Number of protein chains: 2
Amino acid sequence: MSYLDNINSPEDIKKLNLNELETVADEIRAAILNRVSRIGGHLGSNLGAVELTLALHYVFDAPNDKIIFDVSHQSYAHKILTGRKNGFLEEENYQKITGFYNPSESPYDTFYLGHTSTSVSLAAGLAKARDLNKEMHNVIAVIGDGALSGGEAFEGLNFAASELKSNLIIVVNDNGMSIAENHGGLYQNLKLLRETNGTALNNFFKTLGFSYRYVSGGHDIKALIKAFNEVKNYPAPIVLHVRTQKGKGYRLAEENKEAWHKHLPFDLESGETIAADQRNYYNTITFDYLDKRIKQGDNVAVITAGMPHSFGFKPEMRQTWGNRYIDVGIAEEHAVSLASAMAKSGSRAVFCVGSTFIQRTYDQLLEDLALNKSPAVILVYGGGIADIDVTHSGIFDMAMMGNIPNLCYFSPAFYEEYTALLDWALSQNEQPVVIRVPKGEPLHYQGIYQLPKLGKSDIISKGFKVAIMTDGNSYRLGKNVCEELKSRGITPTHINAHYMSKVDESLLNTLAQTHELAVTIEDGVLDGGYGEKVAQFLGATEMKVMCFGADKVFTNRVPLELLKVRYSLTPEMIVQRVVQGLKNELGVALGA
Amino acid sequence: MSYLDNINSPEDIKKLNLNELETVADEIRAAILNRVSRIGGHLGSNLGAVELTLALHYVFDAPNDKIIFDVSHQSYAHKILTGRKNGFLEEENYQKITGFYNPSESPYDTFYLGHTSTSVSLAAGLAKARDLNKEMHNVIAVIGDGALSGGEAFEGLNFAASELKSNLIIVVNDNGMSIAENHGGLYQNLKLLRETNGTALNNFFKTLGFSYRYVSGGHDIKALIKAFNEVKNYPAPIVLHVRTQKGKGYRLAEENKEAWHKHLPFDLESGETIAADQRNYYNTITFDYLDKRIKQGDNVAVITAGMPHSFGFKPEMRQTWGNRYIDVGIAEEHAVSLASAMAKSGSRAVFCVGSTFIQRTYDQLLEDLALNKSPAVILVYGGGIADIDVTHSGIFDMAMMGNIPNLCYFSPAFYEEYTALLDWALSQNEQPVVIRVPKGEPLHYQGIYQLPKLGKSDIISKGFKVAIMTDGNSYRLGKNVCEELKSRGITPTHINAHYMSKVDESLLNTLAQTHELAVTIEDGVLDGGYGEKVAQFLGATEMKVMCFGADKVFTNRVPLELLKVRYSLTPEMIVQRVVQGLKNELGVALGA
């Protein structure tokens, strides 16, 4: 019998005494470790926020009081206390609970959240609406120190400090590091504040006008309850700076905070990863490539925005890059402008970034990078359809970036193509280059690979009637479609579209003369993507066009195989539509 | 004979003495007033930076030393000193010089610049590349106090303060206001620093780790030269906080800083605006609508991000809105998240923003707003093709926002349609709504306007063979095309596409049965836009599609009529292509 057995909502912890709450904290920690060791997830951030979350729910009255965890990658304790403990304790329920805030799971989750540095702005909006609605409740934003480097966090703090004259409690959960080590002048100030128990005169939060309190005991439930009680109903914005320890309570996570921030399934005793072969080939390929370029003395510099680990850049590896490696912290906008200026000055700047996070930089891409024709290189990781949290979808990058002038977006299919693109991108001075890092086991090009001229596609095999045009990640699917069509007596032309920013006009003009149907397949949202450009270009010709890709919808952890069926992204479904299309066109049955 | 006659590069001012420099400052001021009074432009920001710019060029050695003016809307003195004075003095040369940094005009302009808050990041990139290249020169960013509220400025400052160990001079040009009044806690700290002559212990810049100096005499050339000499070659990032006066030297601009930040042509004596009728009908319509809603006690709140004047929200008008008007300062990301949270809490939040500036918020639109289905309303002003500075183009908003799930983007053509959309958007709770504010003199709907069901287009007139589909701004052009076609014996169907986020599938299916050619016309970039969606949807049908819109290119102050010809956006050019298309299709001559 555990205490958690009887905890189904925050109400249930309000009757417990301190000893009992401490036992609950242990049980929550065990539940978090249970889930993450079995199915993976964020570990260090969640272990560090257990007592803080318990105390928050003990003192405040959610969901009437609104609590927003920035990013919400530290909201597991919150989920456990708000009716979702079974997602942590019972194997059959693991997949019913997502890894981030999710309003469809619980009214205690105020928003879908997954990108950093938004909590203060959102909380300010809740507070402002509360005031206009003449309601009374507390609004609490919990933001990690790492997220404070993101520009929107500053925008929110700057606004809240002066424009709100009512309750807004900003809990700065300071564990002394971001996902990787922190970067930025602000962190010296946080360190100073920690070292002086919050008494230093020079105080970042106070310069903005906030009331400020410091709590050294971020795992001391009694101290936290006292601190929260003191700021409850506080009639103005106030910062509560709480010192916590990332990974608290699991020795390995305490000792290697970066590696355990997020983790694959592991053995609780030994800490050894237990996982299906999740080898990320292109992480290794990319690291090796960049490492070689740097080590051989090329003027290459690699930039990341707080998440080097995602790309396999481990601390010991990136240290060897010295001043040619720059982590800017969580600050993607800055990263793009920085890279743009560096490349304009002769540095071969390479910004490595996840598909979902490049979304933060549309304006910088357009104005600072593309308009200025800076030859910086952006490597986009994780692009494409995936079984992933809805906040971290990789389906939008191609449509977002493919419609910006001057920006050259490539989606390579082959290993040889990828490295040839890197060679070229890092040798030219004319334009910004975006390369979508391929997924999965490397495909090798048959024969000697030669990079097409800029803007040209690559004809893999020549056929007739039907042209199958694929982006990098869709190459395998396209090949399967071709083979299936062949088995039905139609030998299609297969084209590696390669360059996704603009259609290869002369190729399409030729195809329009010689083929009846163009089929585009892309690993991203159809709307605004490559296929639509093909359809538009061929719109006034006799050639028909069918476009395959993801629907313009949000999906949350939907299994990949299910998504493929939903979007008709299987060889059978595509072939069926192609055959049907040809049948309609020719008025005769073909193959089927 | 004036001093300026002999100044063709910054070299020419280095030999002048203080008295002479002061005279040059007067001449620069007169040149700025000359140009702006004749053709309009940024006045207050430029008048405030005259001495500062003179002293910068006196002390530093541009273009070897790199000077970046944030936004560059205060770079007129810089332009005058770097070989472009004729653009300020001679009527025939006014149009040869643009209003912002422009590398194609001069090597002294380091980047195309026009959006705020990027200068520190760009300067940090120049400094970092300099260090990697083992070069030696100064890098100077000049950033106004107003631009400091933008998140990227903080990202840049935070990075520079701790990650750069070399020269980077950040001149904070503090005139005590943004375009409108400043909003944000930071500004209390700047005020404190001004009032204490920079000696206050609590210092925002010092909390980040910067070395810091204060210069009270921002129009005192001697003091400025002394200060710049002291920081020249300084081996670490340093902030030089300079107090200036916006509008300095032109009484009216000093007295009403907001109105004179940017101005239409005016009479120098009286200050009266001399301009062709530039009445902005939809500014008035929108203000009146919002004003009525607020005054009648609806739960409407209006949000702007530092530029209320652009929408005609004058200080005395917005004051009457009380706490239902929120200017967040230059902080668009925050504005979107704030609006999203407010709308989720029952406030009818309306964010008014320029097309070019909504670009800053792609990620917030997607994650905080659209994913959360927050019923906030965004009014996009200034969207579409225009004779405008390249950094402020309004052609991208539709392609950027039209491909985000859940986000409902409307481009109304008629006054009645616009207000009906506002009524509906502010009454529903299901989704975020973006409305592109129409341009020009209001068009009125013939008959009683009824808002189509969500996702449906509106058939204006029924015809045959050809369907002309237009967005709001293209309605007039579409109507002219229809009339021209009629005169050639083809009566087309005219459709007000209305909803730009998704095609009206049932309408298109009907058209595909009954028409031969769909023609889409949109006031924005073709790539990723509405026409491509139509082309994709109809790709596998017999119906042909021709799409008209802007090319995916950057254009800088190109006259509108020229752009229209370049993009085939004239009735004659469209009709010609339509007739040609039908001819090809039917194998017979039609009309022409």
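Guide: We'll go over how the chains meet and then look inside chain A. Keep in mind that this is a predicted model.

Visitor: OK, how many residues of chain A are in contact with chain B?
Guide: There are 94 on the chain A side, and they're in contact with 94 residues of chain B.

Visitor: Which helix of chain A gives the most to that side?
Guide: That's helix α7, residues 151-163, which puts in 10 residues.

Visitor: Why do you say the copies meet through the same surface?
Guide: Because 99% of the interface residues of chain A are interface residues in chain B as well.

Visitor: New topic! What domains is chain A divided into?
Guide: Domain 1 covers 4-263, domain 2 covers 281-436 and domain 3 covers 458-586.

Visitor: How far apart are domain 2 and domain 3 of chain A?
Guide: Their C-alpha centres lie 27 Å apart. Where they touch, domain 2 of chain A brings 24 residues and domain 3 of chain A brings 26.

Visitor: Which elements of domain 2 are on that side?
Guide: In chain A, α18 (397-401) and β12 (408-410) each supply at least two residues to it. By class, that side of domain 2 has 14 nonpolar, 6 polar and 4 charged residues.

Technical notes
Residues numbered from 1 in each chain as written. Chains lettered and ligands numbered in written order. Predicted model: local features only at pLDDT ≥ 70, side-chain atom pairs only at ≥ 80, totals over all residues. Contact = placed C-beta atoms within 7 Å. Helix = DSSP H or I, 4+ residues; strand = E, 2+ residues; numbered from the N terminus. Domains from an automatic or database assignment. Nonpolar A, V, L, I, M, F, W, Y, C, P; charged D, E, K, R; others polar.
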